[in-house]
Amino acid sequence: MAQCYETLKVAMTSLKGQPQPSGYPFQAVQTYVLNPKSITMGQLYGEFDLQTHEWTDGILPSLVRVGIKAPDKDKRWYVFDGPVDAVWIENMNTVLDDNKKLCLSSGEIIKLRDTMTMMFEVADLAVASPATLGQAYLDEFEALFAFYVLPAIELVRGKLKEILTSVDSALLMSFLRLMDFRLGPLSGRDNKPPPPAQFQALIPNLLVPWVVFNTIWSIGATCDNNGRILFDRFIRDRMLEGGHEPQFPEDGLCYDFNLHDGGFTDVTSDGEPAPPTWRGWMDNIADYKITGDMKYSGKFSQLGASCKRSVRYALEAPGSTTVSFPGAPVMFTNLKEFGENSDHCPSSGLRCLTPHSFVYCWRDVDRGLKVYRTLQIYTCPANTQCVANGDNHACLFPLQDVQSALRLWYDECCRVFQDRLVNDEDRVWFETLLKNQISSFYQLDPDETLGKQPILFGDFLDPQIQIMDFEQLGHSLDYYLQEYNQQSTKPMKLMLFLDAISHVCRISRIIRQPMGNALLLGMGGSGRQSLTRLASFMAEFACFQIELTKAYGAYDWREDVKKLMLNAGLQRRETVFLFSDTQVKNRGLICARIKSESFLEDLNNVLNSGDVPNIYQPDEMDKIYQGMKGTVQELGLPATKSILFSVYQKQVRSNLHTVITMRARLRQFPALVNCCTIDWFCPWPDSALQ
């Protein structure tokens, strides 16, 4: 160590005045070496004379004062050559942090210059305080950050192609979140004690693999496959250049390996600390075999996106044509094999093989994605409600019959995308786009396929069947309306013409989905609230709407919202929360706008996360933890407080369906648009008013 800094000192001094790579000139270096364990604390920092009560500077303050008063800009290195203990190093905490101040027992504070550097030549940091360890690790982390992260961002921006375009700040935040997760055990995450001392001693050897792993899965996670090959070479070259261990195995990319931290969080075979290693993601994982005795559900349209991607990967893998499950009425077949050299839709051939099975046709989904991308190009920023959300697009799903599948696909595209458009010109353009997709990819006549009648789907008459008998549909809705009026203290006198019926079908479609929320836009007096109450009654959901009075304030609002969330999260009660800003603006309340915005802020939080900050009392939190334990155990998750509350939030978002009938101030609260499906209420046609 002494040879290193002495060599660096001589080199920098000899290069004085010449430019550094950063552009600043080199400065001469002066070193001051002392052993803090060979002298007393008073001799090191200074002390009061017990007889005269006079202060006498120690060696370190005296040397620091010399550097402060020096007229030159020479660098001064203060080298502490000796063991570190928690006694003398404690007074160095303010020197090592960003303040760079030496605090003496006399009350004097000496501000260090930027040219002063504290160095420690020690055997280990076994007895150093946490603050000292943190600063030492921070210095090394900053060096690793400059060595790996910043060049990685330059590589991504200069040579790699991203699948989804990102910004530098988002990549850095992803890296820091991963780093925060790695260091989380030190802060007692999930109410667990920090790792024992012997495992904390692994941290110096874990800093490099932590930074490397986090760089790969934050900075290098957005590029395509060719970019990953280049990024893999970049990481390997950097590790070789820095002499960092452990090196990645040669068989595979760096993306193919997970970090085993040697016992810091990952369990070792003997329970003792071990050096960190790179291991394959599937190493030591037993094979999972599917047997004929297993039962599966045929409702694969409800699979999560990750499971769909896994199935699709299996289908599109070379040599893979069929994945079947014995004993279950479902079969997946590689559709490319059937439709590669044929003008017929592959699902036609599949229907011959599986007439009673559900077939998920990825070709139909590709058509939906093309419409989604086209609409993204077409959307105008002036109309915030036009911007389609990818979450809504996930609602698209086909059927096994080509004609009915296309009609359902057409209807879902209209519900997800067309309902966001604000004028007839845009709606006509969108209908033309869908018809062009049908004629281009399926070689079918759109007018003949879609028919002349309005396309409506719902389970009012038969589950998941297109509604063809509008007269019977009208009678069914009239029956529901009559039942509602008999049970309600505020009966509704509605005339359900075709446009109103179509909006009832749309609202029902939204609220019957998990996390289904609706934003109903359009002119006032068009029946948005009444049709929502009717759709809620038809779904057998409770419909709640706040009752505003002159005394209604923030406390009453938060109590109402809390009651709704508890019912949805703990009782799993499906509830529709109907909210209209006209309630707040038209009741003559004091500071109505302020109250409205505070209400909307809480509503934004409910839609976005299923929670309102600081709304629950401690006893209510305990009630939530107790109520969620059974659910968490069924999921096979540890019953920690964070997981219990996270599952509770998911229950709230799944069972509480918010329907908002407003338009003002949408830009201030993004979740009101991003987390809701939009239905635009246009002026009623003349035929409806006759």
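Analyst: Among the contacts in the chain with a separation of 6 or more, 68% are between residues 24 or more positions apart. Bear in mind that this is a predicted model, where local features need pLDDT of at least 70, side-chain atom pairs count only at pLDDT 80 or more, and totals for chains, interfaces and linings use all residues. Residues are numbered from 1 along each chain as its sequence is written, and side-chain values use heavy atoms, with hydrogens and water left out.

User: Ok! How many helices and strands are in the chain?

Analyst: There are 27 helices and 18 strands. Helices (H or I, at least four residues) and strands (E, at least two) are DSSP runs, numbered from the N terminus.

User: And what share of the residues is buried?

Analyst: Of the 690 residues in the chain, 44% are buried. Buried means under 20% relative accessible area, exposed means over 50%, and partly exposed is in between, using a 1.4 Å probe and protein chains only.

User: Can you show me a buried one? Which strand is Phe 80 in?

Analyst: Phe 80 is in strand 4, residues 75-81. It counts as buried because its relative accessible area is 0%.

User: What does Phe 80 touch?

Analyst: Leaving out residues up to four places away in sequence, Phe 80 touches Leu 34, Pro 36, Leu 60, Trp 88, Met 92, Met 118, Met 119, Phe 120 and Glu 121. Take Met 118: Phe 80 and Met 118 are 38 residues apart in sequence, and their C-alpha atoms are 7.7 Å apart in space.

User: Nice. Switching to helices, how far does helix 18 reach?

Analyst: Helix 18 covers residues 470-487, which is 18 residues, and reaches 26 Å from its first C-alpha to its last. That is close to the 26 Å expected at 1.5 Å a residue; the expected span is 1.5 Å times one less than the number of residues.

User: Which of its residues are buried?

Analyst: In helix 18, the buried residues are Phe 470, Leu 473, Gly 474, Ser 476, Leu 477, Leu 481 and Tyr 484. Looking down the axis of helix 18, they fall within an arc of 165°, so they line one face of the helix. The arc is that of the directions from the helix axis to the C-beta atoms. On the other side of helix 18, Glu 471, His 475, Gln 486 and Gln 487 are exposed.

User: What covers the buried residues of helix 18?

Analyst: The cover includes helix 19 (498-511) and helix 20 (528-538).

User: Is helix 20 itself enclosed or open, and why?

Analyst: Helix 20 is largely enclosed by the rest of the structure, because eight of its eleven residues are buried. Among them are Arg 528, Leu 531 and Met 538. Just after helix 20, Glu 540 takes a positive phi of about 65°.

User: Where else is phi positive?

Analyst: One case is His 53, with phi near 60°, a positive value in a residue other than glycine. His 53 sits in the loop between strand 2 (46-48) and strand 3 (55-57), and counts as exposed because its relative accessibility is 61%. Phi of Arg 572 is positive too, near 55°. Arg 572 is in the loop between helix 21 (554-569) and strand 16 (575-580).

Definitions and conventions:
Contact = heavy atoms within 4.5 Å.
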